[in-house]
Amino acid sequence: MGIGTLLPVFYLLMRALDADASQLGEIVFRQRNLFLLLNTLKLVAVVLTLGTLFALPAAWLVTRTDIRFKGLLSFLMALPLAVPGYVMAYALLGLSGYYGFARQWAGISLPPLHGLWGAGLALSLYTFPYLFLNLRAAFLGMDPALEESAQSLGKSRLVIFRHIVLPQLWPAMVASWLIVGLYVIGDFGAIALMRYEVFSYAIFTQYSGAFDRTYAAWLSLMLLALTVVALSAQRAVTRNRRFARTGTGSARITRPIGLGRWHLAAWAFFALVVLCSLGLPLMVLGHWMRLGVPEADWAHLGRTALGTFLTAGPTAILTMVLAVPVVVLTLRHPGPFASLIERLAFMGYATPALAFALAMVAFALRTAPFLYQSYALLMFAYVMSFVALAFGPLRLALLQIGTKQEEAARALGVSPTAAFMRVVLPRLRRPMVAGSLLVFIMVVKELPITYLLAPMGYSTLAMNVFSRTNEGMMGDAAPLALSIILFSSLFVGLILKYEGSAARAAGK
């Protein structure tokens with residue numbers, strides 16, 4: 001895995017070292033680099049703040065209160081994962097202007113939503129489910145004994161949340177912030193539509209236009225340096241934290257908190273989030289569908305959907321098979337080697353997708369030409385790029401499980417491997433499925449890697465949507481874009497249904 005994730009780094013270094021010594025200082029210390037860095041950091045801060053404000057209250061409401069239809073609400077909160085980012089950005093842009101939705105429906109002319117806040121809102125609305133799913137899993141995995149003890153001592157709910165609940169959520173929040181932050185700095189579609197200049201936009205422009213690929217390589221290396229800093233910070237703030245139950249007996253099911261008069265406020269919150277993250281994109285797609293349905297090639301759509309599934313499904317499984325031993329090594333056998341493996345895994349996710357794909361192309365053409373444009377290379381690139389997505393749910397689950405039961409099994413003469421397989425692995429099923437879901441949906445929506453590495457004749461839903469949208473064929477793109485949403489929402493529903501069944505079984 002380490003070699004696979006380092007391939008893009010080798011490629012970028014080779015490109016970067018093409019610069020003459022006289023050019024090096026001008027490239028590295030160019031004033032524009034600082035401008036791009038500040039813009040990137042501001043965008044990440046806006047997205048993480050807005051995403052947390054969406055996800056944390058939603059996760060608490062569906063796991064800790066007596067609000068009704070929790071399964072449906074969880075499904076709706078996770079469903080924006082299925083919405084392509086550029087569709088979300090286009091929908092937000094469609095609200096403003098003389099011909100926007102707001103003016104046509106309400107007679108209100110809104111100012112154009114460009115720049116930092118436009119890009120930040122678009123990215124927040126389709127990345128907050130990463131936070132929601134991890135926080136929801138964290139709430140479901142908590143033992144309520146500490147909270148009940150604090151409540152019996154007269155502590156208020158706010159104090160209990162701040163001093164007991166929030167520290168237990170910290171690993172899930174940090175892991176989710178890392179994933180979302182790395183995604184934001186590598187996104188291109190939504191940022192380009194919002195006309196906000198960050199590292200990813202500059203890299204794509206340099207590569208696609210073949211203007212200065214040496215400068216683009218240096219920009220990519222700067223992004224990787226940001227990744228290393230983020231990984232170091234993540235490890236520092238979660239080091240030596242353990243949240244497993246240490247007492248005897250089994251954990252009790254949390255008693256739901258009655259919302260009382262706050263029910264209306266809770267439903268208003270969910271309605272606002274769902275309207276912005278799902279209602280608006282679906283309205284835009286509905287407008288496009290009026291033109292696209294009469295001329296849609298349904299046979300082509302079916303073949304494309306099947307091809308997407310046959311690639312995304314095995315990729316998600318292979319990614320999880322690789323992620324489990326990495327997370328176990330990091331938590332159960334911490335040290336320099338484990339830290340290095342974890343950082344290398346995140347390097348694959350943090351490398352800009354275009355640079356990652358070009359590195360894979362260069363690797364195949366120079367070392368194994370028969371791999372170029374093969375399914376094997378495509379899936380290998382997917383796994384190396386997205387393996388870090390599966391770390392968050394697995395890491396939190398292992399922190400909550402602890403080592404007591406595994407050590408007890410080993411004391412009875414069971415080998416370490418058998419103890420892990422019998423005691424720990426069954427309790428990892430939910431986070432494994434959740435991690436696989438995240439990888440699956442990312443593969444369904446992925447573009448640059450697929451464009452450069454896909455075999456001849458192979459096409460995905462995302463490739464078709466993006467190409468038609470880029471050519472202004474909105475009507476033709478609408479059925480395909482809606483298929484992505486429906487296709488991904490099916491798997492969101494399956495994971496949430498599975499989690500609900502597992503939770504009910506645990507309570508019996």
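Because the model is predicted, local features are reported at a pLDDT of at least 70 and side-chain atom pairs only at pLDDT 80 or more, whereas totals for chains, interfaces and linings use all residues. Residues are numbered from 1 along each chain as its sequence is written, and side-chain values use heavy atoms, with hydrogens and water left out.

The protein contains 24 helices and zero strands, where helices (H or I, at least four residues) and strands (E, at least two) are DSSP runs numbered from the N terminus. Of its 508 residues, 53% are buried; buried means under 20% relative accessible area, exposed means over 50%, and partly exposed covers the range in between (1.4 Å probe, protein chains only). The protein exposes about 23000 Å², of which carbon and sulfur atoms supply 66%, with accessible areas taken from the Shrake-Rupley method with a 1.4 Å probe and, for residues, only the protein chains shown counted as cover. Among contacts (heavy atoms within 4.5 Å) between residues at least 6 apart in sequence, 82% join residues at least 24 apart.

The mean pLDDT, which is the predictor's confidence in each residue on a scale from 0 to 100, is 77 for the protein, and 80% of the residues reach 70 or more. Where pLDDT is low, the predicted coordinates should not be read in detail.

The largest nonpolar core comprises 161 residues, and those with the most contacts inside it are Leu43, Leu169 and Phe391; such a core is a set of buried Ala, Val, Leu, Ile, Met, Phe, Trp, Tyr and Cys residues joined through side-chain atoms within 4.5 Å. When residues up to four places away in sequence are not counted, the residues touched by Leu43 include Leu116, Leu123, Val184, Ile191 and Tyr196.

A search of the whole structure finds eight aromatic pairs, in which rings of Phe, Tyr and Trp (its six-membered ring) have centres within 6.5 Å, with planes under 30 degrees apart counted as stacked, over 60 as edge-to-face and the rest as tilted. The ring centres of Phe54 and Phe128 lie 5.6 Å apart with the planes at 70°, so this pair is edge-to-face. The pair links distant parts of the chain, as Phe54 in helix 3 and Phe128 in helix 7 (residues 115-141) are 74 residues apart. Both Phe54 and Phe128 are buried. Trp170 and Trp177 also form an edge-to-face pair, at 5.6 Å centre to centre and 90° between the planes; here Trp170 counts as partly exposed because its relative accessibility is 24%, and Trp177 is partly exposed at 25%.

Thr330, in helix 14 (residues 298-332), counts as buried at 5% relative accessibility, and a polar atom of the Thr330 side chain lies 2.8 Å from the backbone oxygen of Val326. Ser436, in helix 21 (residues 429-445), is buried with a relative accessible area of 18%. The side chain of Ser436 reaches the backbone oxygen of Met432 at 2.9 Å, and, leaving aside neighbours within four places in sequence, Ser436 is in contact with Ala316 and Met320.

Positive phi values in residues other than glycine occur at Phe69, near 60°, and at Arg195, near 55°. Phe69 lies in the loop between helix 3 and helix 4 (70-78), while Arg195 lies in the loop between helix 10 (189-193) and helix 11 (199-209) and is exposed, with a relative accessible area of 65%.

Ala353, in helix 16 (residues 353-367), is partly exposed at 23% relative accessible area. Ala353 and Asp187 are 166 residues apart in sequence but 8.6 Å apart in space, C-alpha to C-alpha, and Ala353 touches Glu446, Pro448 and Ile449 when residues up to four places away in sequence are not counted.

Methods
A polar contact is a pair of N or O atoms within 3.5 Å; within protein, one must be able to donate a hydrogen and the other to accept it, and residues adjacent in sequence count only if both atoms are side-chain atoms.
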